[in-house]
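Visitor: I have the sequence and the 3D structure open. Please take me through them one question at a time.

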Amino acid sequence: MALNRDPHVLVVGGSDSSGGAGIARDIETISSIGLRSCVAVTAVTVQTHQSVTAIHHMQPGLVADQMRAALRANKVSAIKIGMLSTGRVIAAVAAVLHENPRIPAVLDPVLASSSGRQLLEAGAIGVMKRDLMPLCRLVTPNLVELAVLTGSDLTSDDNDALRQGRRLLADGPRALLIKGGHAEGPRSTDILLSPDREPIRFDMPRLAGSMRGTGCMLASAIAAHLAGAKPLEDCVREGKRLVFEKLLRCIERELASGA
């Protein structure tokens, strides 16, 4: 029995010494929604906001042991998964999800850092698709990640993105959220895909600015709302709103400081 009965989101991912992404960003986001977090560290990175200079991988058994300890200690109501780094770590995380099928998991399939450093070994993509994605309530690839995961060319066209998404959905995820931040145009559109319903589009104005960790924020926010047993569509909508408002405030601060 869990010792702490407050609802928690278990965050599984890598540390970011700059605090701009990874576990630090996840905890910050989940806390802003009013929930507590527990963690399982998959890798320790040495990075600034501009570059990643070193990555130290955790042993798969240690990752699984961290997850199981967190699940014993707390009432975990959702799991957010980010950086996994190796195929053996992915398999270890999947094993723990198998043991806890009632807890919804959100996978942000982190393949590379914002600066371009690879964060997942190339051979691990197949393991992620085969062993982990089918266990997740939602997978949240951006357009770059979607292209890599489906072996396709990068696209900014909604119809091509939908075709790639449906191909990935056939590999087993219960739902996909295709993030449109890498597309062009005045609107930023994310598309929620699931096998049993028509695509749902979430449309926001495209802001003239950027911020590291928005993918972490979105997946964490969705997981936090799933912990409250809300419908997936509502969780995505609330997550999108949180990220939009956070990015808008960041841009406004930058403009004010430069005035």
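Visitor: Is alanine 94 buried or exposed?

Guide: This is a predicted model, in which local features need pLDDT of at least 70, side-chain atom pairs count only at pLDDT 80 or more, and totals for chains, interfaces and linings use all residues. Residues are numbered from 1 along each chain as its sequence is written, and side-chain values use heavy atoms, with hydrogens and water left out. Buried means under 20% relative accessible area, exposed over 50%, and partly exposed in between (1.4 Å probe, protein chains only). The relative accessible area of alanine 94 is 4%, so alanine 94 is buried.

Visitor: Which helix holds alanine 94, and which residues does alanine 94 touch, not counting residues up to four places away in sequence?

Guide: Helices (H or I, at least four residues) and strands (E, at least two) are DSSP runs, numbered from the N terminus. Alanine 94 sits in helix H3, residues 87-99. Contact means heavy atoms within 4.5 Å. Leaving out residues up to four places away in sequence, alanine 94 touches Asp131, Leu132 and Leu135.

Visitor: Which residues have the most contacts inside the largest nonpolar core?

Guide: A nonpolar core is a set of buried Ala, Val, Leu, Ile, Met, Phe, Trp, Tyr and Cys residues joined through side-chain atoms within 4.5 Å. The largest one has 72 residues, and those with the most contacts inside it are Ile81, Leu84, Val93, Leu132 and Ile222.  The largest share of this core, eight residues, comes from helix H7 (residues 214-227).

Visitor: What joins the side chains of glutamate 99 and arginine 68?

Guide: Glutamate 99 is partly exposed at 44% relative accessible area, and arginine 68 is partly exposed at 27%. A salt bridge is a side-chain nitrogen of Lys or Arg within 4 Å of a carboxyl oxygen of Asp or Glu. The side chains of glutamate 99 and arginine 68 meet at 2.7 Å, N to O, in a salt bridge.

Visitor: How many residues apart in sequence are the parts that this pair, glutamate 99 and arginine 68, ties together?

Guide: Glutamate 99 belongs to helix H3 and arginine 68 to helix H2 (residues 60-73). The pair therefore ties together parts whose separation in sequence is 31 residues.

Visitor: Which residues are linked with Arg197 in a network of salt bridges?

Guide: Arginine 197 forms a salt bridge with glutamate 233, with the closest N and O atoms 3.4 Å apart. Arginine 197 lies in strand S9 and glutamate 233 in helix H8 (residues 232-258). The network links Arg197 with Glu233, Asp234 and Arg237.
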